[in-house]
Amino acid sequence: MNLQLDFPAVLERWPSFLAGAALTLELAFFATVLGALLGTLAAVGRGTRNSLIAGACKVYVETIRNTPLLVQIFLVYFGLASLGLKYSAFTVAVAALTINVGAYTAEIMRAGFEAIPRGQIEAAEGLALSRLQIYWHIILLPAIEKVYPALTSQFVLLMLASSVCSQISAEELTAVANYIQSDTYRAFETYIIVAVLYVILSLVMRAGFWSLGLVLFPRRRRLGTPL
Amino acid sequence: MQQNLSSTEPIVSLHNVQKSFGPLRVLDGVSFTVARGEVLALIGRSGSGKSTALRCIDRFEKVDGGEIVVCGHRVDRPDVDLRALRQDVGIVFQSYNLFPHLTIEQNITLAPCAVKGMAASQAKDLARKVLAQVGLEEKLHAYPEQLSGGQQQRAAIARSLAMQPKVMLFDEVTSALDPELTAEVLKVIEQLAADGMTMVMVTHEMGFAKGIADRIVFMHRGKVHETGPASILTSPTTPELTQFVGTGNLKS
């Protein structure tokens, strides 16, 4: 066995790696923000007494959770194309990732909502707060707090899973790696570098979520138990 | 919905109230009234229906039949304006139910700001005032979990007071507390009574009920079994109340 690694030949393409990593992070950022919104709404929807809305949310969540991400991406990509709508690969990727992570977020948030003690809601009702005010002031942040580690993992996982967007030629990190390895014939070195970059991106995201937690949960900061 | 209340009209009136949970009849024709400034203690064994009766007043339970009027609101009707009702009625629970992610000040100012549209600065002044009333001024910026049980319960009372209710409901508010903490909460309630607050309280503290209540309602098997001034606790007329107060409940 004679393993010879030639990193310099690959590393001289660092501007491309960097651009790919930046795009991956950008994809993850938009899909996280939009997916968090979509998922929270779907979780609220699943809990409403309106059976039509609750049913629609359930179908959405279960469909997405039981189909592969790559198939979902193709469905959005070819679906929009066959409707005659032209969007950039980036937009399609953000849309597909949002739809995907929204479903998982909905399940996590539902667990968070269910973990709010009934007494909290009764106390708020007793103070004459409206349904919407109760969700906004009493339920939302404590629910997020309860499932924050799970949400963090889910969004980091989304960033890693965004590598399949290389399949619709979104120029993210894995797509860039595919070009570079076919140019340089240095596949092993290329994917080692890409793996390291993904680890760094994960750490960046986790640090971001940790910082956001300090802002969202001032009580934990005060009591010295940040998430 | 709200009529002008004359001073003689009761603040709370229940008439022949019926309520079942499945096959279990919890309230079987309960009637009583609470006049302005009156303190009414609801007592009875566990399962006698006293907590359910209290919760019906603030419509945390819907009744199956009968009539409930609270501060002019027809609580038994499906079209009752819940938010208007609950601005007139304050309720304090056994488990405090302070909002854990908010400071004591935020717990208190939330409803006045969100429901009544009070300005933040005005609400903060109010928070200081009601916390002083329960002896907790120094806990303004603490979080609930930094407080003892007794302090949390007093903060919950302050939170209710900030909405300036016309009647306060207390649902076994000292049942989760040791005797010392119970005493500090009861002191606050005593002061409220002295200030003329109309109150309905479900309690197991017979000594306290005897000392503070203008009237006792003893419930038994979903019915008002015996009612009268606090003296009925020392000279009950029904065998059930005799047995209830005789089982060591009247230690004070």
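## Exercises on a predicted two-chain model

A salt bridge joins the side chains of A:Glu122 and B:Arg55, with 2.6 Å from N to O. The model is predicted. Keep this pair in view for the first exercise.

**Exercise 1.** Find how many salt bridges and how many polar residue pairs cross the interface of chain B and chain A.

*Solution.* 
- Start with the cut-off: a salt bridge needs a Lys or Arg side-chain nitrogen within 4 Å of a carboxyl oxygen of Asp or Glu.
- A:Glu122 and B:Arg55 stand 2.6 Å apart, N to O, and form a salt bridge.
- Across the interface, the rule gives two salt bridges.
- Polar contacts link ten residue pairs there, both residues at pLDDT 80 or more.

**Exercise 2.** Describe the side of chain B that touches chain A: which elements build it, and how do its residues divide?

*Solution.* 
- Take the elements that give two or more residues. They are helix 2 (82–88), strand 6 (89–92), helix 3 (104–116) and helix 5 (149–161) of chain B.
- Helix 3 of chain B gives the largest share, four residues.
- Now sort the residues on this side by type: 14 are nonpolar, six polar and six charged.

**Exercise 3.** State the size of the contact, in residues and in buried area.

*Solution.* 
- Count residues: chain B brings 26 and chain A brings 20.
- Turn to area. Interface size is often given as the accessible area lost when the parts come together.
- Here about 2100 Å² is buried between chain B and chain A, and carbon and sulfur atoms give 61% of that.
- B:Phe99, B:His101 and B:Tyr143 supply 28% of the area chain B buries against chain A, more than any other three residues.

**Exercise 4.** Locate the annotated transmembrane regions of chain A and give their helix content.

*Solution.* 
- The unreviewed UniProt entry places "transmembrane region" at residues 20–44 and 190–217 of chain A.
- Residues 20–44 of chain A are 100% helix, with end C-alpha atoms 36 Å apart.
- Residues 190–217 of chain A are 96% helix, and their end C-alpha atoms lie 40 Å apart.

Technical notes: Residues are numbered from 1 along each chain as its sequence is written. Chains are lettered from A and ligands numbered from 1 in the order in which they are written. This is a predicted model: local features need pLDDT of at least 70, side-chain atom pairs count only at pLDDT 80 or more; totals for chains, interfaces and linings use all residues. Side-chain values use heavy atoms; hydrogens and water are left out. UniProt positions are given in the numbering used here, feature names are shortened, and annotations may be inferred rather than shown by experiment. Contact means heavy atoms within 4.5 Å. Buried area is the accessible area (1.4 Å probe) that two parts lose on being put together, summed over both. A polar contact is a pair of N or O atoms within 3.5 Å; within protein, one must be able to donate a hydrogen and the other to accept it, and residues adjacent in sequence count only if both atoms are side-chain atoms. Ala, Val, Leu, Ile, Met, Phe, Trp, Tyr, Cys and Pro count as nonpolar, Asp, Glu, Lys and Arg as charged, and the others, Gly among them, as polar.
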